[in-house]
Amino acid sequence: MNNEWQQTVINHRHVHNRIDKRGRSSKKGGDFDARRSLGSYQVECKSYARLGKGGEATIEVFGFTEDGQGITGQIDFPGVLRGSLIFAGSRKVLNKIINNIQRAEEEVAEDLNESKDKDNIHQDDGESQDAQEEEQAEEEEEQEEEQAE
């Protein structure tokens, strides 16, 4: 996969509304770097700790969505929960990301079905050819038996 678009997103991301109501900049640590959000995070959850399942609860942030509008990751509470995450700046953007993912999955499923149908057609052709060959062999045997008599 080509990661050029991810590099562009990382280098050009910025955070809006970094000025408070008095007009002062609240920016303290320099420019926002989206790469710093990628990585593994430990989750502290008292309810999970009480379950005593063992293992460390984590959230891993992998990278950006295909359109660069969201962040993808995985959440893992060993023995209890494992799931995929999509972070977005708004519900509208999240809905758009989910629709894009679903559309892509449907296209992949259609492609798989088409390839399976083609395989089945070729198998059917092969089976019908085998059946025809068997019939011809049987006819030849019958003709040989008739000639022998």
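How many bridges join β1 to β2? Select both strands: 4 bridges join them, and the two run antiparallel. Strands here are DSSP runs of E with at least two residues, helices are runs of H or I with at least four residues, and both are numbered from the N terminus. Two strands count as paired if DSSP finds at least two bridges between them.

Some notes on the model come before the next stop. This is a predicted model, in which local features need pLDDT of at least 70 and side-chain atom pairs count only at pLDDT 80 or more, while totals for chains, interfaces and linings use all residues. Residues are numbered from 1 along each chain as its sequence is written, and side-chain values use heavy atoms, with hydrogens and water left out.

**The whole chain**

Show the protein chain as a cartoon. It has 3 helices and 4 strands, running α-β-α-β-β-β-α from the N terminus on. Of its 149 residues, 13% count as buried (buried is under 20% relative accessible area, exposed over 50%, partly exposed in between, with a 1.4 Å probe and protein chains only). Switch to a surface: the chain exposes about 12500 Å², and carbon and sulfur atoms supply 46% of that area (Shrake-Rupley method, 1.4 Å probe; for residues, only the protein chains shown count as cover). Among contacts between residues at least 6 apart in sequence, 31% join residues at least 24 apart (a contact is heavy atoms within 4.5 Å).

**The sheet**

Now select the 4 strands. They form an open sheet in the order β1-β2-β3-β4, with antiparallel pairing. At the edges are β1 (39-42) and β4 (81-88), each of which pairs on one side only. From one strand to the next the twist averages 20° (axes are lines fitted to C-alpha atoms, for helices over the stretch in contact, and angles run from 0 to 180 degrees between N-to-C directions).

On the β3 side, E60 stands opposite Q74. The strands β2 and β3 (residues 70-77) run antiparallel and are joined by 6 bridges. Follow their hairpin, which has 5 residues between the strands, to G68, where phi is positive, near 75°.

Next, select β3 with β4: 8 bridges join this antiparallel pair. Here I75 stands opposite G83 in β4. The hairpin of β3 and β4 has 3 residues between the strands, and in it G79 takes a positive phi near 80°.

**T58**

Select T58, which lies in strand β2 (residues 58-64). Why does T58 count as buried? Its relative accessibility is 11%. Leaving out residues up to four places away in sequence, T58 touches S40, Y41, V43, Q74, I75 and D76.

**I75 and the core**

From T58, move to its contact I75. With residues up to four places away in sequence left out, I75 touches T58, I59, L81, R82, G83 and L85. I75 also belongs to the largest nonpolar core, together with Y48, A57, F77 and L85 (such a core is a set of buried Ala, Val, Leu, Ile, Met, Phe, Trp, Tyr and Cys residues joined through side-chain atoms within 4.5 Å).

**The salt bridge**

Finish with D76 and R82, whose side chains meet in a salt bridge at 3.9 Å, N to O. The structure holds 1 salt bridge (a side-chain nitrogen of Lys or Arg within 4 Å of a carboxyl oxygen of Asp or Glu). D76 counts as buried because its relative accessibility is 18%, whereas R82, at 60%, counts as exposed.
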